[in-house]
Amino acid sequence: MAKVEQKKPIVAEISEHIKDAQSVVLVTYSGINVEQDTALRKEMREAGVVYKVYKNTMMNFAFKGTDCEPLTNHLEGPNAVAICKTDATAPIRIVAKYAKTVPSLKLIAGVVEGGYYDEKGIQALADVPSREVLLGRLLGSMQSPIANFARVIKQIAEKEAEA
């Protein structure tokens, strides 16, 4: 079997993962020990994120002609790719969390919902809370004025009942 035929399934696998993905993030992973890597991969799996190490040439072939094409400029050195089809910021948040304890683990660049982000842009997205947290904050801020209004009405009714 020719080497090209051996590489086609890998390129097809990468292409299948990035198709319809909410986010595709490149990560430099050198310097991470086995325990940290195992914990990172476990958390990624639980969040529905595909986190794999592929050869840069394979990722290069898979990214050509897709929204991920700008990432080909960053394919140097040891890279891993984190892909999520459901939560756009999940891989970014998880890697950023582990990067605090493992300084060599770094977000390089990414494509989130069709938009390309360099290292600074990805770091800014890492600070965005998850969708659930944002919805909770929104509902809390919407509920607060209503609850305050209800308390005031109740106090007025109690005051009038006493008089």
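**View 1. Lysine 42 and its partner, glutamate 46.** Lysine 42 is partly exposed, with a relative accessible area of 46%; that label covers anything between buried (under 20%) and exposed (over 50%), worked out with a 1.4 Å probe on protein chains only. Its side chain meets that of glutamate 46 in a salt bridge, 2.9 Å from N to O. For that name, a side-chain nitrogen of Lys or Arg has to sit within 4 Å of a carboxyl oxygen of Asp or Glu. Glutamate 46 counts as exposed because its relative accessibility is 58%. Both residues belong to helix α2, four residues apart, or about one turn of the helix. Helices here are DSSP runs (H or I, at least four residues), numbered from the N terminus.

This is a predicted model, where local features need pLDDT of at least 70 and side-chain atom pairs count only at pLDDT 80 or more, while totals for chains, interfaces and linings use all residues. Residues are numbered from 1 along each chain as its sequence is written, and side-chain values use heavy atoms, leaving out hydrogens and water.

**View 2. Aspartate 37 with arginine 41, also in helix α2 (residues 34-46).** Here the closest N and O atoms of the salt bridge are 2.9 Å apart. Is aspartate 37 buried or exposed? At 18% relative accessibility, aspartate 37 counts as buried, whereas arginine 41, at 26%, is partly exposed.

**View 3. Arginine 93 reaches aspartate 87.** In this salt bridge, the closest N and O atoms lie 2.6 Å apart. Arginine 93 is partly exposed, at 24% relative accessible area. The structure holds six salt bridges, including this one.

Note on methods: Helix = DSSP H or I, 4+ residues; strand = E, 2+ residues; numbered from the N terminus.
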